[in-house]
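Let's talk this one through as a set of questions and answers. Have a look at the structure first, then read on.

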Amino acid sequence: MHGFHATPVEASLFGVLAIASLLLAFVMLGSRWLRHYLIAFAAESWAIALLSAAVGYIDHYPELYVIALLTLAFRGTLLPYLLLRIIRRLTIERELEPLLRPGSSLVLGAGAVVFSLVVAARMTQALHLAAEVVVLALTVMLSMKLIGYLMLAVRHEAVSHVLGLLVLENGIFLGTQILVPGMPMLLELVILFDLLIVVVCFGVLVRYLVGQVGSTSALQLRRLVG
Amino acid sequence: MTGIATSVLIGAPALAVLAMLAAPRPRLAERLNLAAAGLCFIAAVAMTVSAPAAGARYLGRYLIVDPLGAWIILCAAVVYLLASIHACGYMRMPGEEARLPRFYQFFALFALTIFIAPLMNNPGLYWIAIEMTTVVSTFLVAFEQVAEAIEAGWKYIIIVSAGITLALLGTVIFYWAGTFSLGPTYDMTWRVLRHAAPHMDRALLVLGFLLVLVGYGTKVGLAPMHTWLPDAHSEGPAPVSAMLSGALLNAAMAGIVRYLAVLHRAGLFMLPDQILAVFGTASLLVAALFIVRQRGVKRLMAYSSVEHMGIVALGFGFGGPFGVAGAMYHMLNHSLNKSLMFFGAGNAMRSFGTRSMTRIRDYARHFPVAAALWLAGAVAITGAPPFGLFASELTILRAGFRGAGLWAAIVMLVLLILIFIGFLDHFRVMYFEPAGDDAPRPARLGAWTVAPMWLALIPLLVLGLWWPRAMWRDFQTVEQVIERPAAAPAPAARASARMPDARRAS
């Protein structure tokens with residue numbers, strides 16, 4: 001149950017996939033080129049899809065195969081494609097004036113991981129769960145959350161913001177697969193669908209931004225204060 | 001009757017949207033929207049009257065109609081009706097005619113998403129419904145398509161979507177906490193969570209509640225997560241601002257209250273109540289500071305929304321019969337009053353052609369009736385008698401003075417006085433400071449834009465003078481659900497459970 005009683009081999013498989021996703025979040029954090037973000041995000045979604053399938057196979061949740069396929073289709077393919085179209089239309093290649101150099105953001109990101117690890121270790125202690133998979137899942141979930149917020153805070157290109165939001169959601173999705181694999185499928189389906197709508201909305205808004213504000217950088221959004 | 005009311009409530013706006021898509025003509029869209037709003041209002045009243053205390057479930061338990069949800073829907077339906085009437089006058093400005101069908105499609109859809117959220121019986125689906133309200137209303141905020149409106153829309157969707165992912169994480173944590181007693185796969189509903197709460201781990205419950213509170217608190221506009229609110233509320237058209245403020249914020253508050261009930265059922269009172277009180281007083285403080293130095297007329301109203309959501313949060317945080325009843329009464333009063341204020345602000349903006357209060361002068365001389373209504377609304381929203389908000393704020397304060405939230409009640413009282421002075425001073429300037437000689441003559445106001453101000457003010461006055469007993473009973477049923485700890489059915493035990501639980505919890 002809960003994947004807590006996985007054998008060491010299975011647990012390390014989960015661990016490898018979770019850590020791979022976390023590393024890809026760092027790739028996004030350390031890169032300046034929008035296209036690299038996008039590739040890293042797509043790869044991260046693929047890793048999460050693999051994780052879903054692995055959990056489904058090992059813990060006997062056949063519905064997770066469906067989730068894995070949909071994750072591949074939506075998060076791994078369709079959303080990156082839609083964002084790629086936005087990037088192409090914008091002719092913006094990279095963050096022009098990053099608020100923090102990639103190196104500094106990476107250091108902050110590392111701090112976020114350490115903090116998440118401490119929180120996760122405390123939580124599992126309080127719950128009397130000895131499974132390392134749980135600590136790992138909580139750590140990755142919380143640190144991807146923090147890294148997503150970091151991306152939202154230090155980047156100001158519209159597309160980076162959208163990707164930051166998607167990283168936030170990816171973190172939750174990843175944690176969900178390990179912690180509560182039995183969560184009713186309906187929810188995950190609706191969340192996938194919801195993401196698609198959100199990204200389409202962002203696409204429309206980005207077009208407005210280009211048309212009316214003349215820029216997609218949040219640094220230009222400073223008319224409304226006080 | 002509850003079933004019929006629910007289907008009308010969902011069906012009317014949905015059909016209106018479809019009809020508008022089929023025949024996109026401005027006048028027709030206006031009428032369809034108005035008809036849908038009228039039907040929704042009737043359905044919401046019927047729903048509030050007939051909702052059973054334990055909640056009626058529909059569509060295989062995905063929908064629930066309980067007194068709390070019905071009440072929040074009633075508040076939303078009132079605002080939807082008033083805003084639809086106001087929109088008939090406000091949105092008919094030259095040059096916008098061709099885009100009116102699009103506006104009303106989104107407007108009705110927005111109302112629909114707000115109605116759906118409190119009906120959701122599954123916390124996960126509730127999350128999605130709240131996310132949908134954001135997506136739909138972003139386009140309404142950005143509707144005027146000037147740079148400011150788009151900036152507001154962008155900030156709105158980014159900040160709220162980012163914030164609300166925390167609520168999703170909180171939802172997952174609550175589900176996880178339930179798996180320890182209910183097994184890996186179970187049907188998560190509000191009631192299942194409440195029943196499982198005593199068996200859940202306290203650390204997980206508290207973590208989940210904090211995440212949910214910050215997540216939905218972003219949407220409610222509790223400080224310090226309120227930063228999107230003044231922009232979105234001030235840049236959308238006035239009817240949209242009224243809907244955002246009077247209807248949407250309450251719908252997001254519903255989630256916080258339902259999770260609060262889960263924590264109370266687990267015997268956790270002190271911690272969540274105090275945290276709510278902290279967020280509530282922070283909202284009041286931020287609102288007070290920005291109200292005093294405000295220059296934009298709609299931003300003034302927006303910060304007032306932050307203030308009133310803080311008061312509602314304080315009411316639920318103080319708890320007890322008075323706290324819950326005061327908070328719920330305050331929701332309706334605020335919905336009526338804030339609609340009135342946004343209509344007045346929108347009218348002033350349209351007729352003077354400016355958002356800045358420094359350029360609105362001699363308002364009462366130009367528009368005696370509309371100005372009197374708006375001024376009465378301003379007096380009401382600062383909590384002065386004899387209007388409804390006075391009654392509800394006094395009730396919340398009474399709840400605060402008798403419990404562990406005494407400090408918050410005192411802070412609330414001081415800040416309310418500060419806001420009273422600051423808010424009304426802006427009105428003194430707009431009404432009584434003389435205009436320069438070169439001041440342009442303001443444009444005229446139509447009947448459609450003034451009528452809903454009457455319709456909001458009269459009930460507000462009635463609710464201030466007379467608190468219907470049926471409403472009080474309704475609030476007490478909600479209070480039973482929110483405040484009851486698991487193993488204490490008798491009223492005496494309930495009263496004693498509130499105070500010493502800090503020691504029990506540790």
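Q: How many residues does the contact take from chain A and from chain B?
A: This is a predicted model, where local features need pLDDT of at least 70, side-chain atom pairs count only at pLDDT 80 or more, and totals for chains, interfaces and linings use all residues. Residues are numbered from 1 along each chain as its sequence is written, while chains are lettered from A and ligands numbered from 1 in the order in which they are written. Two residues are in contact if their C-beta atoms, placed from the backbone, lie within 7 Å. By that rule the contact takes 36 residues from chain A and 35 residues from chain B.

Q: Which element gives the largest share of the side of chain A that touches chain B?
A: Helices here are DSSP runs of H or I with at least four residues, strands are runs of E with at least two, and both are numbered from the N terminus. The elements giving two or more residues to that side of chain A are α4 (102–127), α5 (132–154), α6 (158–179) and α7 (185–213) of chain A. The largest share, 12 residues, comes from α7(A).

Q: How many nonpolar, polar and charged residues does the side of chain A that touches chain B have?
A: For the classes, Ala, Val, Leu, Ile, Met, Phe, Trp, Tyr, Cys and Pro count as nonpolar, Asp, Glu, Lys and Arg as charged, and the others, Gly among them, as polar. Sorted that way, the side of chain A that touches chain B has 26 nonpolar, six polar and four charged residues.

Q: Are α3(A) and α7(A) roughly parallel or roughly antiparallel?
A: Axes are lines fitted to C-alpha atoms, for helices over the stretch in contact, and angles run from 0 to 180 degrees between N-to-C directions. Helix α3 (residues 63–90) of chain A packs on α7(A) at an angle of about 0°, with the axes 10 Å apart. Angles under 35 degrees count as roughly parallel, over 145 as roughly antiparallel, 65 to 115 as roughly perpendicular and the rest as oblique. That makes the pair α3(A) and α7(A) roughly parallel.

Q: And are α8(B) and α10(B) roughly parallel or roughly antiparallel to each other?
A: Helix α8 (residues 202–220) of chain B and helix α10 (residues 238–265) of chain B pack with their axes 8 Å apart, at an angle of about 170°. Going by that angle, α8(B) and α10(B) are therefore roughly antiparallel.

Q: Why do the buried residues of α18(B) line one face of the helix?
A: A residue is buried if 20 or more other C-beta atoms lie within 10 Å of its own, exposed if 12 or fewer, and partly exposed in between, with C-beta atoms placed from the backbone. In α18(B) the buried ones are Thr449(B), Val450(B), Pro452(B), Met453(B), Ala456(B), Leu457(B), Leu460(B) and Leu463(B). Seen down the axis of α18(B), and taking the directions from the helix axis to the C-beta atoms, these buried residues line one face because they fall within an arc of 155°.

Q: Which helices do the buried residues of α18(B) pack against?
A: On the other side of α18(B), Ala447(B), Ile458(B) and Leu465(B) are exposed. The buried residues of α18(B) pack against α3 (67–90), α13 (320–352), α15 (368–381) and α16 (388–401) of chain B.

Q: Is Val65(B) buried or exposed?
A: Val65(B) sits in strand β2 (residues 63–65) of chain B. Beyond its neighbours within four places in sequence, its contacts include Thr2(B), Met47(B) and Leu119(B). Because it has 25 C-beta neighbours inside 10 Å, Val65(B) counts as buried.

Q: Is His60(A) buried or exposed?
A: His60(A) lies in the loop between α2 (34–59) and α3 of chain A. Its phi is near 60°, a positive value in a residue other than glycine. With 9 other C-beta atoms within 10 Å, His60(A) is exposed.

Q: Where is Pro386(B), which a cis peptide bond joins to Pro385(B)?
A: Omega is about 5° for the cis peptide bond between Pro385(B) and Pro386(B). Pro386(B) is in the loop between α15 and α16 of chain B.
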